[in-house]
Amino acid sequence: MIVSRNWIERYVGLDGIDDSAVERALTMVGFEVEGVTRKGLPPLENIVVGEVVSHGKHPNADRLSVCQVRVDGGDPRTIVCGAKNFADGDRVIVALPGAVLPGDFEIKVSKLRGVESQGMMCSERELGLGEDHAGIAVLTDRPEIGTSVNEVFDAGDTLFDIEITPNRPDALSHIGIARELAAWFKRDLVYPDIRVNLLAGPGGHLVESVVSETEENCPHYRGYSIRGVKIGPSPHWLKTALESIGLRPVNNVVDATNFVLHELGQPLHAFDVKKIRGDRIVVRQARKGERITTLDDKNRTLDSGMMVIADAERALVVAGVMGSVDAEVDDTTVDIFLESAYFNPSSVRRTARTLGLSTDSSYRFERGVDPKGAEYAALRCIDLIVELAGGEVLGPPLVAGEPPFIEREIELSPAWVRGRLGFDISDEGMAAHLGSLELDVRETTDGDDRPLLLVGVPSFRLDLYRPIDLVEEILRLHGTDKVPPAEVRTHGLLADDDPLVVFTRRAASLLIGRGYQEVAHYSLRDGAEVKKWYGHCAEDSLALTNPLASDASHLRPSLIPGLLDCFAFNQARLNPLAPVFETGRVFREYDGKVFEMLSIAFALPREGTEGWLRREPVDFHAVARVVRDIFLLAGVSVDPARFEPVSGDNAWQAGHAARFGGFKMGFEAAFGVLGLTMTSQWDLRTPVCAGALYFTPEYLKREPRRRRYQAFSAFPPATRDLALVVPVGTAAGHVRTELQRVARQAAKGTGIEVESVDVFDVYRGKGIPADAKSLAFSIVFRSPERTLTDKEVNPVFDAIQEKIVEGSGYSVRK
Amino acid sequence: MESDLKQILADVEEALPGLGSKAQFEQYKATVLGPNGKFTAVTKTIGKLPPAERPGAGKLINEYKNRLQARFDEALRRLDSAELAAKVGPSVDVTLPSPDYGPGGAHLVSEVREEICSILRKIGFVVADGPEAETEYYCFDALNTPKDHPARDLHDTYYIHPETRFGNVSRKGDERFLLRTHTSSVQIRTMLEQPPPLRIIAPGRCFRRDTADATHSANFHQIEALYVDKGVTVRDLKADLDYLFRSLLGPEAETRFRPHYFSYTEPSFEVDFRAGHLGKVGSEWMEIMGCGMVDPAVFAEVGYDPEVWTGYAFGLGIERIAMTLYGIDDIRYLYQNDFRFLRQFA
């Protein structure tokens with residue numbers, strides 16, 4: 001909101017307070033100043049109107065002239081001038097010695113090329129009036145010689161662009177801001193006097209009745225009848241005031257309503273009585289589809305959620321928002337019906353928003369005008385109309401409803417206030433601060449004889465209804481920058497960081513340690529991309545209702561596309577690719593429900609670096625190792641035998657990628673080589689190896705379990721190697737699991753433990769059928785009690801060899 | 001005889017440096033000192049000498065034997081160490097650049113988040129966590145946001161498809177799901193779960209429906225702090241923020257409160273900071289964050305007795321802080337992921 005300093009000074013004197021002090025006051029009282037603009041002429045001394053009596057060439061300079069300029073009854077002064085745009089007899093502005101022009105430029109008697117100049121004739125720019133510097137300012141309306149320049153030009157003004165927080169509708173007016181400044185600077189606030197005496201009028205009304213059919217949305221409506229006005233332009237002071245805050249003057253009546261809106265914050269509406277059809281004003285909800293042409297010349301269709309002010313036939317005003325061209329006050333208007341009302345904020349807000357039409361009026365109604373302010377504002381406006389346009393008010397208004405009841409008195413214990421603040425402000429200080437804001441403070445005591453302030457809250461302060469609200473008022477006026485410094489008061493930490501956060505931190509640090517760079521991408525992705533690569537997440541369930549752009553319309557189900565974006569972006573910028581990772585929330589659907597999960601994903605170019613030494617390309621197992629290590633941090637032990645090869649998923653390359661875990665377990669992962677069609681869609685030159693891990697927050701927040709120590713044998717192991725020829729498509733993990741089971745069974749009851757079964761060689765080729773492969777396992781036996789002998793181990797090993805081939809289709813390779 | 005021995009020694013001295021392996025060495029050694037070796041042959045001639053010459057000849061042979069042995073030992077040592085050296089290959093040029101990737105690193109937003117968390121941890125705050133997909137209740141209602149507050153608008157807040165059902169984001173009733181606009185929702189979830197006192201920070205990703213520009217981003221990160229205890233005052237809030245900003249910006253940093261409005265705090269403040277030693281950026285008051293004393297209405301909503309418990313809350317934008325600390329002029333760099341940008345802070 002823009003406020004004018006001159007306008008504010010109608011209500012509070014700010015003598016001796018410069019603009020920067022006002023700016024600081026506004027800021028510290030809670031209205032952030034977003035801009036300060038200085039306009040027009042500041043007060044200037046020794047700058048007066050003069051007349052050029054004669055001028056001639058400067059003896060020593062072609063481009064200068066020597067002028068005789070009269071500035072008073074005495075002899076003309078000699079002034080050297082560089083401009084050419086004047087003639088003898090022109091009235092000009094002369095800065096006399098001792099004058100200080102804007103920019104701290106002091107005028108002195110001085111010699112210019114040997115000729116003494118006793119002053120300076122000024123351009124508009126030199127005076128700070130405008131940008132015109134083509135020549136000196138020539139005053140065509142010929143003011144008296146010797147008149148001070150401040151009498152010739154309008155006084156300057158300073159405009160403050162301030163932010164009014166939504167809790168302070170009372171400050172959406174010049175009087176509101178003046179009130180705050182008066183409180184801050186401890187000066188008096190003067191309200192405009194009301195001169196009109198309604199009872200002195202002839203009585204009667206220009207319309208027969210006013211009815212509110214929608215009392216909830218319009219609890220209070222007043223209409224005043226004013227007869228015989230003469231529409232014309234507004235006087236200079238009113239035009240200047242409105243123009244200073246960016247409004248366009250229209251005519252004296254409309255300008256008066258606008259002035260009062262910005263003076264008191266109460267929107268008013270003036271109807272041309274002759275345009276009102278029928279004889280009554282009705283406040284009602286619009287009919288569905290009802291049409292109106294608002295003053296901005298737009299045809300608008302209304303709905304029943306919108307309130308209108310109507311005559312017998314049609315809507316004349318979108319209540320609280322904007323009038324229509326149908327009842328507009330124009331040059332022919334003679335009789336006026338002046339509306340002043342209290343409208344329900346939500347109703348106006350909804351209407352303004354639905355229509356996409358925010359006006360000075362709707363802005364104030366939707367934030368809440370003073371419920372009791374309608375009458376005073378109307379009377380103030382009537383005074384202005386009568387003063388500016390003549391006419392007479394017939395008498396008391398037509399009234400529908402009553403102002404909402406909002407009397408509030410708050411009991412405030414000064415000790416309680418100090419308890420909230422943590423520092424001292426005296427009882428008297430509190431009372432003074434509150435009083436300066438026009439709150440009605442009475443000092444009393446409570447039942448225990450402790451001091452108590454009874455604080456009456458004026459109707460315009462809709463935001464004050466609890467003691468805590470007054471704490472803020474006291475602190476605001478005390479100065480929020482005066483909260484005294486203090487030591488941090490801290491005590492023991494009895495809680496720990498959330499396990500999800502701790503895990504994320506550890507995973508990030510593991511990946512960083514392995515040379516991965518963390519990246520960050522937006523959570524919102526393109527719906528088409530989601531569907532294409534993560535089709536198993538139903539597209540709709542990840543969709544936003546109101547996306548801003550089609551490429552950011554869906555919640556991300558995976559971090560992988562972001563990582564590919566990173567590679568594509570850096571490839572395009574010719575930055576060598578490097579391993580990256582990201583942690584963040586993703587959204588995945590299971591059984592028709594979306595789950596928010598923590599994901600950790602990493603990616604690296606399969607081909608490795610492009611340096612002077614080429615490394616082997618990254619393979620599946622290198623990726624699997626990273627996945628395993630991250631899982632370990634989450635307390636998940638990973639057995640590759642449980643990896644499932646990925647197939648039929650565009651996002652992963654069949655034969656080179658695996659899955660592990662499952663949603664029901666609380667964690668899952670996919671890893672390996674990304675689908676080559678996918679990486680080529682990102683125009684990447686190298687295949688990409690990646691891993692994506694997902695955890696439900698619930699899983700990570702499970703109670704941690706401390707592991708128990710397990711005793712281990714002091715005796716040496718006995719190892720036996722066994723090569724099995726199996727069908728080529730058989731997963732090694734499966735064979736290993738089988739062999740482990742068989743081995744344990746064979747060792748049962750012998751006192752021998754099967755410690756481990758591991759693959760140490762995979763062979764295809766000579767000596768093995770083409771459709772088979774040889775898997776070599778080493779089986780480690782151990783006893784907790786003794787060194788094992790061949791005699792003990794051999795029978796077990798024999799049994800294993802016998803059992804493993806039974807019905808499995810495997811054979812032992814001799 | 002001596003001339004023979006001299007010749008053998010000279011031959012050996014000439015031959016040894018040419019031997020490339022231990023096998024060659026042993027082979028050659030046999031031709032000299034072996035049973036059929038040249039030197040052995042000479043020693044055998046001693047028996048044919050007159051007895052008077054034998055002691056002299058014996059002495060001579062011993063002398064040459066020692067000299068030969070020394071030559072052979074030396075050659076063997078040379079071959080041994082060459083064989084060991086062969087295991088690690090030819091020498092390397094230590095000045096070559098690493099053929100592998102550069103070091104990994106954290107993203108600047110993570111870096112700054114962790115820095116702030118660790119500063120606050122020292123004064124007793126622990127990190128709490130909550131969902132990014134939220135509901136209108138936790139994000140607005142419980143925070144005392146008026147029903148028709150503009151922040152709830154479709155224009156300002158992202159809402160999730162009305163048919164979507166969440167498996168692990170709880171709702172109060174059947175209110176709408178949305179993307180949280182601040183991490184204050186974590187405060188509500190935490191207070192509903194835990195009794196006071198508590199001291200938590202909630203760092204995390206937030207979403208506002210803003211068009212991206214140098215200072216706006218579709219998602220950004222916040223850290224919200226909430227401190228609830230008996231007798232928490234405005235002065236504590238100021239003291240803790242002073243500590244935070246001095247820790248972040250250096251001992252000369254100052255903060256200033258300005259009255260402001262947030263629905264969930266009363267009184268509410270905006271915080272400006274100034275840190276002269278940061279140069280031009282730091283010499284003027286700069287708005288950095290919002291804070292205030294928890295509004296009693298919020299306590300009432302989560303079942304804390306506002307007569308017993310007081311508290312403060314503050315929230316700051318991580319990107320904002322990061323940009324201020326590192327002099328970054330466009331928030332979009334933080335999501336563009338240019339390696340040349342990311343590595344500057346790793």
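Trainee: What area is buried between chain B and chain A, and what share of it do carbon and sulfur atoms give?
Mentor: The model is a predicted one. In it, about 8,000 Å² is buried between chain B and chain A, and carbon and sulfur atoms give 53% of that area. On the side of chain B, Tyr101(B), Arg235(B) and Phe339(B) supply 10% of what the chain buries against chain A, more than any other three residues.

Trainee: How many residues of each chain are in contact across this interface?
Mentor: The contacts involve 94 residues of chain B and 93 residues of chain A.

Trainee: What makes the meeting of Arg466(A) and Asp295(B) a salt bridge?
Mentor: The term requires a side-chain nitrogen of Lys or Arg within 4 Å of a carboxyl oxygen of Asp or Glu. For the side chains of Arg466(A) and Asp295(B), the N to O distance is 2.5 Å, so the pair qualifies as a salt bridge. The count between chain B and chain A is 11 salt bridges, and there are 53 residue pairs in polar contact, both residues at pLDDT 80 or more.

Trainee: Which helix of chain B gives the most to the side that touches chain A?
Mentor: That is helix H8 (residues 234-249) of chain B, with 7 residues. The residues of this side of chain B divide into 42 nonpolar, 23 polar and 29 charged.

Trainee: Why is Asn337(B) called buried?
Mentor: Buried means under 20% relative accessible area. Asn337(B) has 0% relative accessibility, and therefore counts as buried. Asn337(B) lies in the loop between helix H12 (333-336) and helix H13 (339-342) of chain B. Leaving aside neighbours within four places in sequence, its contacts include Val519(A), His521(A), Phe569(A) and His107(B).

Trainee: What makes strand S33 (644-645) of chain A an edge strand?
Mentor: Strand S33 of chain A pairs on one side only, as does strand S28 (517-518). The open sheet has 7 strands in the order S28-S31-S32-S36-S35-S34-S33, with mixed pairing.

Trainee: Why do S33(A) and S34(A) count as paired?
Mentor: At least two bridges are needed. S33(A) and strand S34 (residues 652-662) have 2 bridges, in the antiparallel sense, and therefore they pair. Pro645(A) stands opposite Ala658(A) in S34(A).

Technical notes: Residues are numbered from 1 along each chain as its sequence is written. Chains are lettered from A and ligands numbered from 1 in the order in which they are written. This is a predicted model: local features need pLDDT of at least 70, side-chain atom pairs count only at pLDDT 80 or more; totals for chains, interfaces and linings use all residues. Side-chain values use heavy atoms; hydrogens and water are left out. Contact means heavy atoms within 4.5 Å. Buried area is the accessible area (1.4 Å probe) that two parts lose on being put together, summed over both. A polar contact is a pair of N or O atoms within 3.5 Å; within protein, one must be able to donate a hydrogen and the other to accept it, and residues adjacent in sequence count only if both atoms are side-chain atoms. Helices (H or I, at least four residues) and strands (E, at least two) are DSSP runs, numbered from the N terminus. Ala, Val, Leu, Ile, Met, Phe, Trp, Tyr, Cys and Pro count as nonpolar, Asp, Glu, Lys and Arg as charged, and the others, Gly among them, as polar. Buried means under 20% relative accessible area, exposed over 50%, partly exposed in between (1.4 Å probe, protein chains only).
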